[in-house]
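Subject: Structure for your review

Dear colleague,

Please find below the sequence and structure that I am handing over to you. My notes on the findings follow directly after.

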Amino acid sequence: PTTGTVGAISRVTFPFWRNQQASVTSAGSFANLLSTMETMYNSCSNGIGEQNPTFIVTTQTVFEGYYSLTPAIERLVRDSEGNKLIRSFKGQNTAFKDCPIGYDPTCLAGVMYFLNNRNLFFIYMQMMKTEDAVRPADAFYDVIKSLTIGNMTTDNPRRLGVLTSIV
């Protein structure tokens, strides 16, 4: 992150315009993942306050590796005679410091992104230009081709981070 120019601001000259980046050095089995995640979370935060990462995204392999490092907490609930026993919690999300973690199949292998939706924006340059509707010869519906041009940008890259080389 020490190279390049973003928004006419040089990351070489101005270190405040660099995002956070760290490499997870481990001997396998996600050995240093939790400690590196702790450091990255704190680096992307503003200490006490609202400027903390709001979500973390990674690959399914890294997500399952993180999940295997967390302690197993199970709870069996039975409210009434008619209820069956319910194991664990409902939902597909897990969290790190109240920050939801999820995985995306298109995420790059061995990386984990710490993102803050307060600092990410999609800037529209052209919003939904559409053409006339066309009806395919073998269908009963219309197809409308539309075009949107825009760019993902940030107002504070220091609040965004990435962990690399996770194995």
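Please bear in mind that this is a predicted model.

Helix H1 covers residues 33-44 and has 12 residues. From its first C-alpha to its last, H1 reaches 16 Å, close to the 16 Å expected at 1.5 Å a residue. Its buried residues are Leu 33, Thr 36, Met 37, Met 40, Tyr 41 and Cys 44. These residues are on the same side of H1, because they cover an arc of only 135° around the axis. The spacing follows a general rule: an α-helix has 3.6 residues a turn, so residues three or four places apart point the same way.

What do the buried residues of H1 pack against? Their partners are helix H2 (60-69) and the strands S3 (20-23), S7 (94-96), S8 (99-103), S9 (112-115) and S12 (161-164).

Helix H2 has a buried side of its own, with Val 62, Phe 63, Gly 65 and Tyr 66 buried. Here the arc around the axis is only 160°, which puts these residues on the same side of H2. Thr 61 and Ser 68 are exposed, and they sit on the face of H2 turned away from its buried side. The cover over the buried residues of H2 includes H1, together with strand S4 (55-58), S7, S8 and S9.

**Salt bridges**

Side chains of opposite charge can pair when their charged atoms come close. A search of the whole structure gives 3 salt bridges.

One of them joins the side chains of Glu 38 and Lys 97, at 2.8 Å from N to O. Glu 38 belongs to helix H1 and Lys 97 to the loop between S7 and S8, so this pair ties together parts that are 59 residues apart in sequence. Glu 38 counts as partly exposed, with a relative accessibility of 31%. Lys 97 is also partly exposed, at 37%.

Another salt bridge is formed by the side chains of Glu 131 and Lys 145, at 3.6 Å from N to O. Glu 131 lies in the loop between S10 and strand S11 (146-154), and Lys 145 lies in the loop between S10 and S11, so the pair ties together parts that are 14 residues apart in sequence. Glu 131 is partly exposed, with a relative accessible area of 48%, whereas Lys 145 counts as exposed at 53%.

The side chains of Asp 142 and Arg 135 also meet in a salt bridge, with an N to O distance of 3.0 Å. Asp 142 has a relative accessibility of 44% and counts as partly exposed. Arg 135, at 51%, counts as exposed, because the cut-off for that class is over 50%.

**A nonpolar patch on the surface**

Which residues form the nonpolar patch on the surface? They are Phe 122, Tyr 124, Met 127, Met 128 and Met 152, and together they have about 560 Å² of accessible area. Strand S10 (residues 120-130) supplies the largest share of the patch, 4 residues. Met 128 is located in S10. With 43% relative accessibility, Met 128 counts as partly exposed, because that class lies between the buried limit, under 20%, and the exposed limit, over 50%.

Yours sincerely

Key
Residues are numbered from 1 along each chain as its sequence is written. This is a predicted model: local features need pLDDT of at least 70, side-chain atom pairs count only at pLDDT 80 or more; totals for chains, interfaces and linings use all residues. Side-chain values use heavy atoms; hydrogens and water are left out. Patches are made of residues with over 30% relative accessible area and no salt bridge: like charges are joined within 9 Å, nonpolar side chains (Val, Leu, Ile, Met, Phe, Trp, Tyr) within 5 Å. Accessible areas come from the Shrake-Rupley method with a 1.4 Å probe; for residues, only the protein chains shown count as cover. A salt bridge is a side-chain nitrogen of Lys or Arg within 4 Å of a carboxyl oxygen of Asp or Glu. Helices (H or I, at least four residues) and strands (E, at least two) are DSSP runs, numbered from the N terminus. Buried means under 20% relative accessible area, exposed over 50%, partly exposed in between (1.4 Å probe, protein chains only). The expected span of a helix is 1.5 Å times one less than its number of residues. The arc is that of the directions from the helix axis to the C-beta atoms. Contact means heavy atoms within 4.5 Å.
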